Amino acid sequence: MRQRSLIAVMAALTAGALTLTACGSRDSDDSGSGDSAGTTVVIGVDAPLTGDLSALGLGIKNSVDLAAKQANTKKYVDGITFKVEALDDQAQPSSGQQNAVNFVSNKSVLGVVGPLNSSVAESMQKVFDDAKLAEVSPANTNPALTQGTEWNGGTKKRPYASYFRTATTDAIQGPFAAQYLFNDAKKKKVFVIDDKKTYGAGLAATFTTEFKKLGGAVVGTEHINPDTKDFGAVVTKVKNSGADVVYYGGEYPQAGPLSKQIKKSGAKIPLVGGDGIYSADFIKLSGKEGEGDLATSVGAPVETLPSAKEFVANYKAAGYKDAYEAYGGYSYDSGWAIIEAVKKVVDANDGKLPDDARAKVVEALQTVSFDGVTGKVSFDEFGDATNKQLTVYAYKGDAWVPVKSGTYAG
Amino acid sequence: MHELPQQLVNGLLLGSMYGLVAIGYTMVYGIVQLINFAHGEIFMTGGFGALTVWLILPTGTTMWLTLPLMIIGAIVVATTIAVGAERFAYRPLRTAPRLAPLITAIGLSLALQQAVWAWYPEAKSSRTFPEISGGPFHLGSVTIQTGDIFLLVAAPICMAILAYFVAKTRTGRGMQATAQDPDTAKLMGINTDRIIVVAFALGAAFAAVGAVAYGLKYGEINFRMGFILGLKAFTAAVLGGIGNIYGAMLGGLALGIAETMATAYISDIPGMQQLGGQSWADVWAFVLLIVVLLVRPQGLLGERVADRA
């Protein structure tokens, strides 16, 4: 009898373990492989493919996949077939670091697109840099990643030469939102909330500095715990603070319910956030109450740029199940940045990959320059995108509608 | 302090939900001395049971008809899984050392989460839950949402049903007897296996009602919702005195109110700004737990073993 029960338990545990492993190895479908013979170069993708932020993560994965497929169809780099390998970081720094180690150990990986979260990037940067493997993030906006922890006031110093990004930073995004709210939307009293994560807290801080400088008042600040859905106590404070707008530094899984609960408490004031809330899922989670909420996002709206029409059409034609979301254009450009760099390296080495291909790709990335989906793609001395455009979007009807595009100055 | 009544109501609502889930922890512990760590996930599957009923019903069905059906759906799914878990995961281990069923419980908790993640359509991120239409209600300075009314009504009703069941029915009294001494109860002709199944089923049913309340309150459910809430409910059960059903409710309320008060007021105390805010609410909840356990190791209402039921 005892034996039998042990067997039952083992069976149950094995079943559980199998389910767990199943989610780890799910995403290794070999998309992007062409039929031409020759060398295969793998472009890694690290993004949250499951969990709360998976909508954004899947958009990143598909867009890079599209970039690789296009390069293969066009035979863009002679003798090289690009292949995409995506790993799931579940928005966890520890998983991100593990994935980084995996990418480094795979010799055919010459560049990685990702991650989504700045906090995840922090854990990956050193692993990649030690291996001289290029990392191009389409979405990290924390300034410290490229300009060092002293970026605000102290001296700017690039910590890792192998890290690049196509998205612009919170040093620009927060103040841009502050200027729009104060000058255009005429909001004078703000309640600032953040989730204490690298991205959210950084965004809230740069916003607050600029808003105060313009003459606005911060009537309250609060930090929330991203693991919870109950914001009752915070919402009551917001309602009684007399604020005419809420600025939230964080991502849509919390921002959506937070916005809904604020509106339901009777405070009919908009919630404003950064690119972390600029997602269709925010609209789903905040419900109809969230209408009028605002989000800033990097770049101009992808659909309005002539350079992006082709991307949007190709993405549709490729038949991906998930939308390209906020970072689709940036991910596609990140993928292409790596492809362009590989092309440079191959061209400089008589059509073959050199032995130190990884280090060469990092060097080549520093000098790439091409017209991408989001505009001109090139990197400055810190690895930041030279394209510093931003857009304010408003939640109207059932979608995000662009309100104002511009470049933040000073 | 003009927002105090509203904050109290916020805490009361949060606490009622903890209490509903805590009952399951406490009943199972009271009878078989097992901490069923998969209870948070049983709560979660209840939520998905309710969602499924709503998805099956034709759109536009009135909430007066939908809501009772959703509650039934939640209870059916949650109790089925709880009874199944008891039969196949816990019963074979009843005579094994205490650690074995505990590990099984943790494994089961992960397995249930992953099962919903993998097999429920579009459950990889949050799924929206239906809402009860109708505006919020105002009582003086206090605003109560329509969705919260359900919780305010359901929690006391559940407690009354449970109190009646344990004190007045044959099975309920059998439960008390089994809790006091399972072997003697068996000798007295009580079918203890059946009593244990009933304890699991009842706990799951209350958690299912709690899950419907969760969905109505926050407008969404997801496959991870049971984990943190389950831990909190377990804390509430310990705080109230594990094994005592009234203690579970009281512990839940105390925990909910403590968290809300900490979020709302600790940052107003001079010198404590850094320790306030919602991200510290969990810390204060556990400080409360430690203080209570230091002063009253048996929990708020926990007393002699004889009172367990």
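This is a short tour of a two-chain model, stop by stop, with something to select at each one.

The model is predicted, so local features are given only at pLDDT of at least 70 and side-chain atom pairs only at pLDDT 80 or more, whereas totals for chains, interfaces and linings use all residues. Residues are numbered from 1 along each chain as its sequence is written, chains are lettered from A in the order in which they are written, and side-chain values use heavy atoms, with hydrogens and water left out.

**Stop 1: the helices of chain B**

Start with chain B and select residues 149-167, one of the stretches that an unreviewed UniProt entry annotates as "transmembrane region". Such annotations may be inferred rather than shown by experiment, and their positions are given here in the numbering of this model, with feature names shortened. Residues 149-167 of chain B are 100% helix and 0% strand, with the end C-alpha atoms 28 Å apart. Now try residues 195-215 of chain B, also among the annotated stretches. Here too the chain is 100% helix and 0% strand, and 30 Å separates the end C-alpha atoms. Helices (H or I, at least four residues) and strands (E, at least two) are DSSP runs, numbered from the N terminus.

**Stop 2: where the chains meet**

Pick out Lys229(A), Asp230(A) and Lys264(A), which supply 16% of the area that chain A buries against chain B, more than any other three residues.

Next, look for charge pairs. A salt bridge here is a side-chain nitrogen of Lys or Arg within 4 Å of a carboxyl oxygen of Asp or Glu, and five of them cross the interface of chain A and chain B. One to display is Glu220(B) with Lys229(A), whose closest N and O atoms are 3.6 Å apart.

**Stop 3: salt bridges within the chains**

Over all chains the count comes to 22 salt bridges. In chain A, select Lys197(A) and Glu251(A), which pair at 3.2 Å, N to O. Lys197(A) sits in the loop between strand E6 (189-194) and helix H7 (198-214), and Glu251(A) in the loop between strand E8 (245-249) and H9, so the pair ties together parts that are 54 residues apart in sequence. The cut-offs are under 20% relative accessible area for buried, over 50% for exposed, and partly exposed in between (1.4 Å probe, protein chains only).

Move to chain B and zoom in on Lys232(B) and Asp282(B), joined by a salt bridge of 2.8 Å, N to O. Lys232(B) belongs to helix H9 (residues 225-240) and Asp282(B) to helix H11 (residues 281-295), 50 residues apart. Lys232(B) is buried, at 6% relative accessible area. Then select Glu86(B), Arg91(B), Arg94(B) and Asp193(B), which salt bridges with shared partners join into one network. Within this group, Glu86(B) and Arg91(B) meet at 3.1 Å, N to O; Glu86(B) is buried, at 1% relative accessibility, and Arg91(B) is partly exposed, at 23%.

**Stop 4: Tyr265(B)**

Select Tyr265(B) in helix H10 (residues 245-265) of chain B. This tyrosine is buried, with a relative accessible area of 14%. Its side chain reaches the backbone nitrogen of Leu4(B) at 3.4 Å. Tyr265(B) and Leu4(B) are 261 residues apart along the chain, yet their C-alpha atoms are separated by 9.4 Å.

**Stop 5: backbone details**

Most residues other than glycine have a negative phi, and most peptide bonds are trans. Go to Gly114(A) and Pro115(A), which are joined by a cis peptide bond with omega of about -5°. Pro115(A) lies in the loop between strand E3 (109-113) and helix H4 (118-130) of chain A. Finish at Ala91(A), not a glycine but with a positive phi of about 60°. Ala91(A) is in the loop between strand E2 (80-88) and helix H3 (93-105) of chain A, and is buried at 17% relative accessible area.

How values were computed:
Buried area is the accessible area (1.4 Å probe) that two parts lose on being put together, summed over both. A polar contact is a pair of N or O atoms within 3.5 Å; within protein, one must be able to donate a hydrogen and the other to accept it, and residues adjacent in sequence count only if both atoms are side-chain atoms.
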